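Hi everyone, thanks for making time. I'd like to walk you through one chain today, so please have a look at the screen while I talk.

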Amino acid sequence: MTAPRTVTINEAFDIGVQHLQAGNLMVADRTFRDILTNMPDYYPARHMLGLTCYHRGQLQDAVHSLREAATQAPDDCEIANHHGIMLSESGAYDAALAEYDRSIAINPDYPDVHSNRANTLWILKRYADAENAARRAIALRPDFADAYLNLGNALVEQSRAEEAIAAWHQALTFNPTFSNAWSNIGNAHRDLGRLHDAEESCRKAIALDENNAQGWCNLGNAVRDLGRSVEAEDYYRRATAIKPDYAVAHHNLAIALIDQMKLADAAVSAKYAVTFDPAYVEAWSSMSLALRELGRLREAEDAARRAVSLKPDSAEAQVDFGDVMLMAERFDEAELALNEALRLKPDSTRVYMKLAAAQERAGRIDDALSSIDRAIDLSPEMPDPYYRKAGILFIKNDLDSVRDNVDRALALKPDFAHGIAMQAEIALSLGNEADALDHIRRAITMAPDIPGPYLTLVKLKKFESADDADLAAMHALEPRIKQFGQQQEISLYFALYKAYEDLKDYDRAFDYLRRGNDTKRKTIFFDIDDACKQLDDIARFASPAIAKNLGYDSDIPVFIVGMPRSGTTLTEQILSSHPDVYGAGELHDFTVCEQLFGGRVTPDNAADIGHTYIERIRKLDKTGNAKRITDKMPGNFSRIGMIAAALPHAKIIHCRRDPVDTGLSCYKQLFARGQYWSYDLDELGQYYQAYTRMMQHWRDTIPDAFIEIDYEDTVNDLESQARKLIDYIGLPWNDACLKPHEHKRAVITASKAQVIKPVYKTAVQSWRKYESHIQPLINRVS
């Protein structure tokens with residue numbers, strides 16, 4: 001029998017290396033350990049054991065083995081280099097640089113160590129030093145693909161994206177299968193706003209290596225910016241499946257889920273991101289966004305503060321914190337945060353989009369438009385900024401521009417459900433109910449799990465059966481409604497209320513109406529006592545005694561004021577049916593003009609405020625020759641004295657309606673913004689009482705400044721009231737004013753679905769159907 005041949009140490013070492021190279025890591029590990037058991041000072045085995053541990057994911061064992069190998073072989077530049085890699089991987093960056101420097105001292109012409117040093121310097125954000133190290137590696141080995149990758153990484157962080165892309169393409173020249181190079185190229189194209197190029201490059205990265213987690217993540221970023229959030233979600237999930245601790249991918253997944261209104265899931269994904277990387281500022285910000293949409297405002301504020309404390313110089317974190325402050329109506333803190341964001345990052349699409357949203361929430365519409373225009377300039381291929389601009393323009397009643405921007409968003413993303421839903425609102429505002437219904441049906445088909453479009457649908461149909469398929473679809477969303485966030489929950493409840501009111505099931509209708517209002521009220525930081533005090537203070541301190549002859553002389557403006565839902569839209573529709581009247585809708589312009597000149601009307605600025613107001617509203621007149629322009633901002637009832645001072649020849653019409661009908665109609669309405677007093681019956685009644693006191697103050701002090709029109713008189717005797725209105729504004733009678741429903745114009749208020757119908761009387765005393773449910777309101781206003 002032949003005895004087994006004894007294997008020498010060198011042969012055993014070679015066998016171990018062969019297994020390491022073949023990926024047989026457990027066998028390689030055992031082989032090197034066996035060698036070291038017999039020869040503890042055999043540093044080549046200690047070196048290879050360290051590399052084997054690294055590939056097995058045992059980083060600390062790898063660091064330990066390489067440290068011992070480096071001690072045993074202090075003049076081996078390769079071991080020092082590999083020890084530096086392990087230290088860098090473990091986060092000991094300064095120690096890693098020290099090992100790289102030791103390796104360079106041993107052999108200054110070793111290209112690998114210069115390239116690895118570049119990577120660690122990049123991690124430390126020493127980008128210029130990283131660039132120099134990478135260029136040294138390339139000088140030593142001109143075909144060194146990894147060094148070109150590190151060079152590109154350093155360049156892109158120095159805002160030299162085009163040079164970075166060139167460096168990565170050079171890496172691909174020497175290594176055509178270099179998946180990470182294509183992934184990085186894709187990311188750079190995205191930052192430059194070249195989204196289609198970004199997608200193409202990332203797909204090349206994945207084709208080369210389907211296990212490239214970064215490639216999947218970057219591909220997700222590209223398609224998400226192109227408006228394909230559902231597709232992006234899948235790519236992010238692939239990235240996290242490959243690399244479960246990939247914090248960036250978890251965060252990006254959270255953003256894609258927010259896009260789809262899967263807010264509860266988004267909060268969880270953001271939580272994963274900060275679990276794996278507690279200092280991840282952007283993930284804390286996204287968590288804040290998801291939490292505030294879920295109504296968890298205290299948690300949202302905590303997350304936003306965490307982001308700012310981690311990175312005070314992050315513009316995105318400052319904007320998110322500002323947005324939370326706006327929701328809490330802490331405007332001074334919000335303003336500081338938003339201004340800091342602009343100072344920090346004036347060229348970020350995402351910052352400008354968030355800033356525009358925050359400015360709109362604060363009522364700074366012109367500022368919001370400027371910010372969103374900047375976002376569009378920076379990323380013209382993104383559909384979302386156009387959609388958001390359309391929403392801001394809706395507030396300005398500029399429907400032509402709204403439609404143009406929605407069209408641009410849909411040209412970039414034809415299946416953009418939110419954009420199609422906005423098309424429905426545009427068509428409804430223009431009185432095109434058939435088109436509106438077609439659009440909203442398409443939106444629901446594309447996004448059946450988003451409740452919001454049903455709120456538009458219920459305005460366009462009358463429910464006649466409890467078995468209605470749309471009603472069943474809405475009920476199917478109820479068990480999951482909390483995950484969509486409070487805004488979507490509110491929309492669903494208001495939609496269900498309307499359906500059951502159509503079915504004359506008033507108890508069930510009111511139950512949903514109450515749920516919707518209660519949920520909405522939870523999202524609002526509002527103090528009814530402060531709101532009423534503000535009105536009482538105006539009555540106490542406003543000075544209608546300002547001499548009228550100090551204001552600006554113009555008879556163009558017609559102000560229509562009163563409580564919301566008191567007949568202001570019908571009054572404007574009657575007036576704007578006259579060929580010499582342009583109905584401008586609800587305008588913020590008088591308030592803006594006050595702010596431009598110090599915040600209040602005084603004898604010194606009254607004429608300037610009046611003149612500026614006239615210049616602004618003339619630009620709204622699309623006919624170019626209107627003799628009168630209406631401003632139907634109901635809340636201007638609190639400014640009657642100021643309007644009379646700044647524009648002494650303006651006509652002011654105060655609309656009145658039965659107080660209970662008015663209050664209940666407000667309670668039934670989900671307002672686009674403001675009217676925070678309307679979501680609680682008792683608070684609504686308190687506000688109505690303060691409004692009543694305010695109007696009595698104007699009657700007592702400037703009775704000749706306005707007339708009063710009652711809704712009930714208008715619907716019972718249209719011609720008499722219409723003639724009264726036309727006579728008051730100083731125009732000759734025109735029979736078109738008797739058919740206001742036939743006048744085609746854009747109406748964006750809550751009454752837009754009603755003004756295209758003939759004047760009807762069914763809304764008079766309609767509150768009696770709900771009498772048992774609205775006693776807190778009745779007790780306040782009766």
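Now, some housekeeping. This is a predicted model, where local features need pLDDT of at least 70 and side-chain atom pairs count only at pLDDT 80 or more, while totals for chains, interfaces and linings use all residues. Residues are numbered from 1 along each chain as its sequence is written, and side-chain values use heavy atoms, with hydrogens and water left out.

Okay, overall picture. The C-alpha atoms fill a box of roughly 125 × 60 × 45 Å along the principal axes. Of the 782 residues, 54% are buried, where buried means under 20% relative accessible area with a 1.4 Å probe, counting protein chains only.

So what sits inside? Let me define a nonpolar core: a set of buried Ala, Val, Leu, Ile, Met, Phe, Trp, Tyr and Cys residues joined through side-chain atoms within 4.5 Å. The largest one here has 174 residues, and V402, M474, F559, F590, Y613 and I774 have the most contacts inside it. A contact, by the way, is heavy atoms within 4.5 Å. Take M474: leaving out residues up to four places away in sequence, its contacts include Y454, F463 and L492. Apart from that core there's another, of 58 residues, with F32 and W182 among them.

Let's zoom in on A375, which lies in helix α22, residues 365-378. Is A375 buried or exposed? It's buried, with a relative accessible area of 0%. Not counting residues up to four places away, A375 touches T349, Y352, M353 and P385. Y352 is 23 residues from A375 along the chain, yet their C-alpha atoms are separated by 5.4 Å.

Last stop, the strands. Two strands pair if DSSP finds at least two bridges between them. Strand β1, residues 557-562, runs parallel to β3, with 3 bridges joining them, and V558 stands opposite T630 in β3. Strand β2, residues 581-583, also pairs with β3 in the parallel sense, over 3 bridges; there, V581 has R628 as its bridge partner. And in β3 itself, residues 628-631, R628 and T630 point one way while I629 and D631 point the other, and all are buried.

Technical notes. Buried means under 20% relative accessible area, exposed over 50%, partly exposed in between (1.4 Å probe, protein chains only). Helices (H or I, at least four residues) and strands (E, at least two) are DSSP runs, numbered from the N terminus.
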